[in-house]
Amino acid sequence: MKLLNKNQTFENFSVNDRNAWAFAALKKVIADKNYFNPVYIYGEEGVGKSHLLNATNNALLSEQNKVILLSAESLTYHIVDNLTNSEFDYILIDDLNLMPKDDILEAQLAMLIEENKKQLVITSTVSPNSLEVSSKLQERLQWGLTTNMTSQNQ
């Protein structure tokens, strides 16, 4: 599980033309689960991906949704297998690029996306095509909405 930051909300996120699409997509997913599934947000460190993930988590929890926020580093195939049959409606995964290299884990994550029973929101520093994972998982990660966040300096 990832340490939740209750201070990171949508209200104190600085929206600009380089992150507005990600911001809007997450607000839409909160209002209408599975509208985009999965939501995959990528960009370099420091552009606000984790802030938006925490803001999503905080907003969902305030509406009594069943949500879990995980770091990709903590993922194992046991965890993903358990998430498939869990009570959670929303699964938020931060920094997927740091996910342990494991073929079974990748296959189970792809299956979780295929089943489309849980809303997934995923962040990473790289696009799905640049992740060092199976082509099947790369493809599944792009089934919903993929958006890039960039810094103001670019």
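Of the 24 residues in the largest nonpolar core, which touch the most other members?

The model is predicted, and local features need pLDDT of at least 70, side-chain atom pairs count only at pLDDT 80 or more, while totals for chains, interfaces and linings use all residues. Residues are numbered from 1 along each chain as its sequence is written, and side-chain values use heavy atoms, with hydrogens and water left out.

Let me begin with the sheet. Helices (H or I, at least four residues) and strands (E, at least two) are DSSP runs, numbered from the N terminus. Two strands count as paired if DSSP finds at least two bridges between them. As a general rule, strands of a sheet pair through backbone hydrogen bonds, either parallel or antiparallel. Here the sheet is open, its five strands lie in the order E2-E3-E4-E1-E5, and the pairing is parallel. Strand E2 (67-71) and strand E5 (145-148) are at the edges with a single partner strand each, so one side of each has no neighbour in the sheet. From one strand to the next, the twist averages 15 degrees; axes are lines fitted to C-alpha atoms, for helices over the stretch in contact, and angles run from 0 to 180 degrees between N-to-C directions.

Consider strand E1 (residues 39-42). Four bridges join E1 to the parallel strand E4 (residues 119-124), and E1 also pairs with E5 in the parallel sense over four bridges. Val 39 stands opposite Val 121 in E4. Ile 41 has Thr 123 as its bridge partner in E4 and Thr 147 as its bridge partner in E5.

I now return to the opening question. A nonpolar core is a set of buried Ala, Val, Leu, Ile, Met, Phe, Trp, Tyr and Cys residues joined through side-chain atoms within 4.5 Å. Buried means under 20% relative accessible area, exposed over 50%, and partly exposed in between (1.4 Å probe, protein chains only). In the largest core, of 24 residues, Phe 10, Leu 26, Val 39, Leu 52 and Met 149 touch the most other members. Helix H1 (20-31), E1, helix H2 (49-62), E2 and strand E3 (90-94) supply at least two residues each, and H1 gives the most, with six residues. A second, separate core has 23 residues, including Leu 70, Ile 93, Leu 120 and Leu 131.

Next, the aromatic residues. Rings of Phe, Tyr and Trp (its six-membered ring) pair if their centres lie within 6.5 Å; planes under 30 degrees apart count as stacked, over 60 as edge-to-face and the rest as tilted. The structure holds five aromatic pairs. Trp 21 is in helix H1 and Phe 36 in the loop between H1 and E1, 15 residues apart. Phe 36 also forms an edge-to-face pair with Tyr 35, at 4.8 Å and 90 degrees. Phe 36 is buried, at 18% relative accessible area, whereas Tyr 35 is partly exposed, at 45%. Ring pairs also link Phe 10, Phe 13 and Phe 23 into a cluster.

Finally, Glu 106 lies in helix H4 (residues 103-115) and is buried, with a relative accessible area of 3%. The Glu 106 side chain reaches the backbone nitrogen of Ser 134 at 2.8 Å.

Definitions and conventions:
Polar contact = N/O pair within 3.5 Å; in protein donor to acceptor, adjacent residues only side chain to side chain.
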